[in-house]
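Hi,

Here is the structure I promised to pass on. Have a look at it first, then read my notes below.

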Amino acid sequence: MHRTLLSIVMTAALLLALAAALRPNQLKAQLAPNPNDAVAVTRPGAQTGGFDRVITTNNAQLIAQGRQIFRYDTFGDEAFWGDTLKLHQAIAGAANGGVGPGVSPKTALSVGLKVDMDALPAAVVSAIKAGQVNLDDPKTTLTLLQLNSVVGVTGRFNSSGQITSIGIQCAFCHSTVDDAFASGIGHRLDGWSNRDLNVGAIVALSPDLTVVNNVLGVDDATTRKVLAAWGPGRFDAELFMDGKGLRPDGKTAATLIPPAFGLAGTNLHTYTGWGSITYWNAFVAVLEMHGKGNFFDSRLDDATQFPVAARNRFGHVQLPEDQDLVTPKLGALHAYQLSIPAPTPPDGSFDTAAAGRGDTLFGGKAHCTNCHVEPMLTEPGWNMHKPAEIGVDDFQANRAPDKQYRTTPFHGLFTHMKGGFYHDGRFATLLDLVNHYDTQFNLGLTAAEKNDLVEYIKAQ
Ligand code: HEC
Ligand code: HEC
């Protein structure tokens, strides 16, 4: 019955198309006053679902490829993290052909690295459970790397099982695990920012930071001081552009690692709105992870704002097509990030009644929706603000081309409450943040209203 119906529809469509071809303007006008509809009527293929299927298949493929890239693709950055910084040698330790004491699983977990339990064979899981695995031995770390179970880190091994290099992925900073097995060991949570990860301490394991010192134009002690100041959950994406390791007040210039979920529909990305998701993906893959790929942004030629980037021509990274390991992956990587939703706050993690009252305040007395438009929680359109508008200093804003801050779409905030709020964690608690807005905008909120707003934020 369906098949008959379909063939009738198709025949009708063909006839209509034929008629349209003969008397195009007249028939189109009669059938479809809306010009978009006219296209559908005059193209029989569009009614068979054929191209719809093409779209659905493409979508599934993009997401599968994007997940693979996000989790496992180093874009060839082993050339930096391994061959140049020699981090694999520091991890292996002298006893395993590397240098120094090596990095045991305990140490690795203590600097925030996570282990994907789904990558561990059942035998290894039971051995860990039975206490038969030595978590103080760097050799065990090498085994975990060989099993490809360290989230966001890939070791390269030669045929005799020796580690020869190491690379990192997006998942290094933007994934964590659910601790289902033990603290730091569990199922992957892509898009969740790893607020335990001490990137500075990990980079500082490198026995040879010469290349970083040279790019920044500073001595080894300065580089190591800057890295030591980062602390857990932070990374400084602008350091390699402007060479500013510390803020004027002497504190680290690194920002908190943001989540990479819940971003669909948001215009500009990063705390300071450098560009779209795909802009930033190319930026990070090439300029931060030091993967091999093309990257263009003439804004980085401004030698006053970006002395390091301008000197090193970071806005004009051009490789022969067969060496570009980034550009061909941008589409799938973008699609995957758009598909990662913000997780829902667990039951009991906020007070429902208070959050309901907070919702009314958010769009009412507190005027938060002047910027955080629901349900996006950022502006549809241009989502940037001058530092003075939100009552904060301009240090971090001035490190980006637009010199402004982007309205954070703060869904899923419960996943990254460690480290404080705003780009640099300047507000230790959500109440501090609400108090700031209360003063900045003369809101006259009562203590109860502030509490309601806090619960609303936690409920998003
Ligand atoms: C070493 C840690 C690190 C790695 C690796 C990393 N990022 Fe990030 N990411 C950050 C930090 C820090 C920021 C904030 C930068 C800023 O605002 O200046 C950020 C920002 C972002 C944002 C913007 C989020 C928002 O709220 O708009 C996206 C999207 C993102 N990263 C995706 C990626 C992808 C994709 C990769 C892999 C190609 C990647 N990141 C690799 C640390 C990292
Ligand atoms: C003038 C625009 C504007 C208004 C009004 C505004 N915000 Fe924001 N909001 C921002 C910007 C910009 C940021 C990012 C600041 C940063 O990271 O330095 C932000 C960040 C946030 C964050 C993210 C914190 C984090 O660390 O991820 C929360 C939560 C928030 N605002 C809540 C509110 C609440 C509640 C109100 C109303 C009382 C409000 N905002 C009013 C622009 C605004």
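Predicted model: local features only at pLDDT ≥ 70, side-chain atom pairs only at ≥ 80, totals over all residues.

Residues are numbered from 1 along each chain as its sequence is written, while chains are lettered from A and ligands numbered from 1 in the order in which they are written.

Start with H19 (residues 430–440) and H20 (residues 447–458), which pack at about 120 degrees with axes 9 Å apart (helices are DSSP runs of H or I, at least four residues, numbered from the N terminus; axes are lines fitted to C-alpha atoms over the stretch in contact, and angles run from 0 to 180 degrees between N-to-C directions). So H19 and H20 are oblique to each other. Among the residues making the contact are Leu430 and Val434 of H19, and Leu453 and Val454 of H20 (contact: C-beta atoms, placed from the backbone, within 7 Å).

Now compare H4 (residues 50–72) and H17 (residues 330–339): about 95 degrees, axes 7 Å apart. That makes H4 and H17 roughly perpendicular.

Then there's the largest nonpolar core, with 76 residues; Phe235 and Val286 are among those touching the most other members (a core is a set of buried Ala, Val, Leu, Ile, Met, Phe, Trp, Tyr and Cys joined through C-beta atoms within 7 Å; buried means 20 or more other C-beta atoms within 10 Å of a residue's own). Its largest share, eight residues, comes from H15 (residues 277–288).

Cheers

How values were computed: Helix = DSSP H or I, 4+ residues; strand = E, 2+ residues; numbered from the N terminus. Parallel < 35°, antiparallel > 145°, perpendicular 65-115°, else oblique. Contact = placed C-beta atoms within 7 Å. Buried ≥ 20, exposed ≤ 12 C-beta atoms within 10 Å, placed from the backbone.
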